[in-house]
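Thanks for coming. I will go through one model this morning, starting with the charged side chains and ending with the nonpolar surface.

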Amino acid sequence: MSDDIQNNHTMPADASPELVSNNMPATNIFKSSSHWAIVGIFLLLLLGSVAHARDFLVPVALGVLLALVFSPVRRFLERRRLPPAVSAFIIVSGLMTLIGLGLSTLADPVQSWIKEAPTIGFKIEQKLRGANQSAKEVIDAGKQIEQIASLENETEQVQKVSPREPGVLVKLATSVPEILAQMVFTLVLLFFLLASGDMFYEKLVHIMPTFKDKRNAVRISYDIERKLSNYLFTITLINTVLGITVGVSMWLLGMPNAILFGVLAFAFNFVPYLGAIVGVVIAALVGLLTFDHTVTALLPALAYLTLTIIEG
């Protein structure tokens, strides 16, 4: 009797076992789909939050990465009986000195390029027209008249558009303080992370329950730190040698601002493939603006490409 009452409470009178078994998968599918929908919404909100806070998160990530890179240097200085704060001050001061030297070296060439930016496209077009002079001689008089008319229209358009060009320079000028502020924030964060010494590893040791876990956690952390630091130091050394060779080759080929090309080659080579392509394109454009003959103008780009292939 009690079993019958329990069955009446758990199953309706007009419901068959087949109907109940058929409804269960639909309920599970609904729960699964709603679960994945919530996960998708969470991921979209997370990506939106990261994109909105990128001005804050990028310096923080860069500061943590630099702290991992320079932690072996800090320990080396600590073994020479220097406190962590003094070691951090030496490292950060060295980085600030290098950044200052780089900015002072690149200031004049970049400023001159920005001033000549409105005329660079016109100069390149003239160079390409000179290279195709033999083909242009075949054009009839009617096409030449159309070209003259189009040139007049272009000059009128240039005169109309020219007042808008300072807006680009204003945007570049307004973005400089933001970049400098992010650099200062990164260096300050790097100083405090290095000055804290091994506090992170001490906290990690306290969290682990057993002595074996503590030892493994410290060993894994040191291993990650050492491998990351060795990789970044090695690729920085390789990029430095590439920048020197590119700068010397550009100087031998008579390119202007050879030091700037060396610094660009050093910086662009941190970006795989795309950085080398951008460097070759810039070398080709500057070569076309500098030299009269097309073959001579393409030699710097060929030299840049050859050096990056050898480095690769």
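A helix here is a DSSP run of H or I with at least four residues, and helices are numbered from the N terminus. By that count, Arg226 and Asp223 both belong to helix α9, three residues apart, or about one turn of the helix. Please keep in mind that this is a predicted model.

How many salt bridges does a search of the whole structure find? It finds three. Side chains of opposite charge can pair when their charged atoms come close. An α-helix has 3.6 residues a turn, so residues three or four places apart point the same way.

Arg226, at 45%, counts as partly exposed, and so does Asp223, at 22%.

Next, helix α3. Glu78 and Arg74 sit four residues apart in α3, about one turn of the helix, and their side chains meet in a salt bridge of 2.7 Å, N to O. Arg74 is buried at 1% relative accessibility, whereas Glu78 is partly exposed at 25%. Arg75 also lies in α3, which covers residues 54-79. Arg75 is buried, because its relative accessible area of 15% is under the 20% cut-off. Setting aside neighbours within four places in sequence, Arg75 contacts Asp198, Tyr201, Tyr222 and Glu225.

Met255, leaving out neighbours within four places in sequence, touches Met250, Phe261, Ala283, Val286, Gly287, Phe291 and Pro300.

A few words on α11 itself. Its buried residues include Gly275, Gly279, Ala283 and Leu288. The 17 residues of α11 should span 24 Å at 1.5 Å a residue, and the end C-alpha atoms are 24 Å apart, so the two agree.

In helix α12, residues 294-311, we find Thr306. Thr306 counts as partly exposed, at 37% relative accessibility. The C-alpha atoms of Thr306 and Val246 are separated by 9.9 Å, although the two residues are 60 apart along the chain.

Last, the surface. Phe42, Leu43, Leu46, Val50, Phe56, Leu57 and Phe185 make up a nonpolar patch with about 640 Å² of accessible area together. Two elements, α2 and α3, each give two or more residues to the patch, and α2 provides the largest share, four residues. Val50 is in α2 and is partly exposed, with a relative accessible area of 42%.

That is what I have; I can take questions now.

Technical notes. Residues are numbered from 1 along each chain as its sequence is written. This is a predicted model: local features need pLDDT of at least 70, side-chain atom pairs count only at pLDDT 80 or more; totals for chains, interfaces and linings use all residues. Side-chain values use heavy atoms; hydrogens and water are left out. Buried means under 20% relative accessible area, exposed over 50%, partly exposed in between (1.4 Å probe, protein chains only). Contact means heavy atoms within 4.5 Å. Patches are made of residues with over 30% relative accessible area and no salt bridge: like charges are joined within 9 Å, nonpolar side chains (Val, Leu, Ile, Met, Phe, Trp, Tyr) within 5 Å. Accessible areas come from the Shrake-Rupley method with a 1.4 Å probe; for residues, only the protein chains shown count as cover. A salt bridge is a side-chain nitrogen of Lys or Arg within 4 Å of a carboxyl oxygen of Asp or Glu. The expected span of a helix is 1.5 Å times one less than its number of residues.
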